[in-house]
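Subject: Structure handover

Hello,

Here is the structure I promised to pass on to you. Please have it open while you read, as my notes follow below.

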Amino acid sequence: MKILKNIRAAAEALKKAKYTVVFTGAGISAESGLPTFRGEGGIWKEVDPNYFNIDFFLKKPGLTWEIIKKVFYDQLINVKPNLAHHILSIMGQQGIIQSVITQNIDHLHQEAGCKKVIELHGTYRRLICTRCSTEYDYTFADLNYLPPTCFVCRGVLKPDFVFFNEKLSPEVKRRAFDEVKKADVLLVIGTRAEVYPANTLPQLAKEQGATIIEINLNPSPFTDHYTDIFLNIGAAEGMKQLCRLLMCQEETPAGK
Ligand code: APR
């Protein structure tokens, strides 16, 4: 079967690699119960993305916050990492992967124990004052009263994740690009990577000579162009199979 052949090829590429970078999107957290953004049941099918435009937020923060709370905070507070996040964490400890670049704001890689995580699109866990830039852990804000405001200057607090029409932190972007430039394998999991500049990472890796392994339930816009080994499988199952080939020791028969 093609999938088994591809899983073996992916495990071989990971074994040989000196520097493996993982690049994840909403699909890796789907099995934790979080919706993806596009496709059936996706967030952008339910919610108009214009609410997440930074200019709209700054004009009507109360209205956007009602939606942010419903779509993100009410869900994220109860969510747990799944097997795919846990296996990546173990692979990090074993030196099989070197870092994770994620577009997810859900903090699940860190909760699973991953040490080197670059949050390209920020995080829901930090709030930042739109007036004086004071930063808060989200637990300091009372989300029963929206929009939450700054204790210092009464300015509106914004989640420290990237809105549409908002620039990424240059420092975070630089770190992500530097990681990809070092990679000889880029393991892409559960993303369509349709937003800039995340969508340029697979191409950059490819241009640097990296092998691109992709795990996704569906082909993505870059599967045909950049992916070398496509594992058409769910993230948790894909990681479980790779883990088995990469980490399980052969059992020694008793007495030997
Ligand atoms: N296992 C693997 N892949 C999955 C699974 C699963 N269990 N479930 C869904 N997928 C795949 C889908 O096939 C799809 O290719 O995950 C991908 C999710 O794509 P998107 O919804 O577009 O999410 P993502 O790529 O993370 O979006 C990128 O877009 O709107 C912005 O800022 C938002 O960070 C987000 C960015």
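Helices (H or I, at least four residues) and strands (E, at least two) are DSSP runs, numbered from the N terminus. With that in place, arginine 154 sits in the loop between S5 and S6. Its phi is positive, about 70 degrees, although arginine 154 is not a glycine. Arginine 154 is also exposed, having a relative accessible area of 54%, where exposed means over 50%, buried under 20% and partly exposed in between (1.4 Å probe, protein chains only).

A word on where the values come from. This is a predicted model, in which local features need pLDDT of at least 70 and side-chain atom pairs count only at pLDDT 80 or more, while totals for chains, interfaces and linings use all residues. Residues are numbered from 1 along each chain as its sequence is written, and side-chain values use heavy atoms, with hydrogens and water left out.

Most residues other than glycine have a negative phi, and most peptide bonds are trans. Histidine 107 belongs to the loop between strand S2 (99–102) and helix H7 (108–111).

There are cis peptide bonds to check too. One runs from leucine 146 to proline 147, with omega near -5 degrees, and proline 147 is in the loop between strand S5 (135–137) and strand S6 (157–161). Another joins tyrosine 196 and proline 197, with omega about 0 degrees. You will find proline 197 in the loop between strand S7 (185–189) and helix H9 (201–207).

Strands and sheets

An open sheet is formed by 3 strands in the order S5-S4-S6, with antiparallel pairing; two strands pair if DSSP finds at least two bridges between them. S5 and S6 are the edge strands, each pairing on one side only. From one strand to the next, the twist averages 40 degrees. Axes here are lines fitted to C-alpha atoms, for helices over the stretch in contact, and angles run from 0 to 180 degrees between N-to-C directions. S4 and S5 are joined in the antiparallel sense over 3 bridges, and leucine 127 has tyrosine 136 in S5 as its bridge partner. Helix H5 packs on this sheet, where it touches S4 and S6, and its direction makes about 50 degrees with that of S6. Contact means heavy atoms within 4.5 Å.

Parallel pairing turns up around S2. Strand S1 (residues 20–24) runs parallel to S2 and is joined to it by 4 bridges; in S2, serine 99 is the bridge partner of valine 21. Strand S3 (residues 117–119) also runs parallel to S2, with 3 bridges between them, and glutamate 119 in S3 is the bridge partner of threonine 102. In a regular strand the side chains alternate between the two faces of the sheet. Both faces of S2 are covered, with Ser99 and Ile101 buried on one side and Val100 and Thr102 buried on the other.

Aromatic rings

I found 14 aromatic pairs in the structure. Rings of Phe, Tyr and Trp (its six-membered ring) pair if their centres lie within 6.5 Å; planes under 30 degrees apart count as stacked, over 60 as edge-to-face and the rest as tilted. The pair of tyrosine 73 and tyrosine 124 is edge-to-face, because the ring centres are 5.6 Å apart and the planes stand at 65 degrees. Since tyrosine 73 lies in helix H5 (residues 61–76) and tyrosine 124 in strand S4 (residues 122–129), the pair ties together parts that are 51 residues apart in sequence. Tyrosine 73 and tyrosine 124 are both buried. Elsewhere in the list of ring pairs, Phe37, Trp44, Phe52, Phe57, Phe72, Phe161, Phe163 and Phe164 are linked into a cluster.

The ligand

Phe37 comes up again here: of the 22 residues around the ligand, Ala26, Phe37, Arg38, Thr191 and Asn216 come nearest. A residue counts as near if one of its heavy atoms lies within 4 Å. An N or O atom in the side chain of asparagine 216 is 2.7 Å from an oxygen atom of the ligand, and for the side chain of asparagine 218 the distance is 2.9 Å. From alanine 193, a backbone N or O atom lies 3.3 Å from a ligand oxygen atom.

Best wishes

Methods. A polar contact is a pair of N or O atoms within 3.5 Å; within protein, one must be able to donate a hydrogen and the other to accept it, and residues adjacent in sequence count only if both atoms are side-chain atoms.
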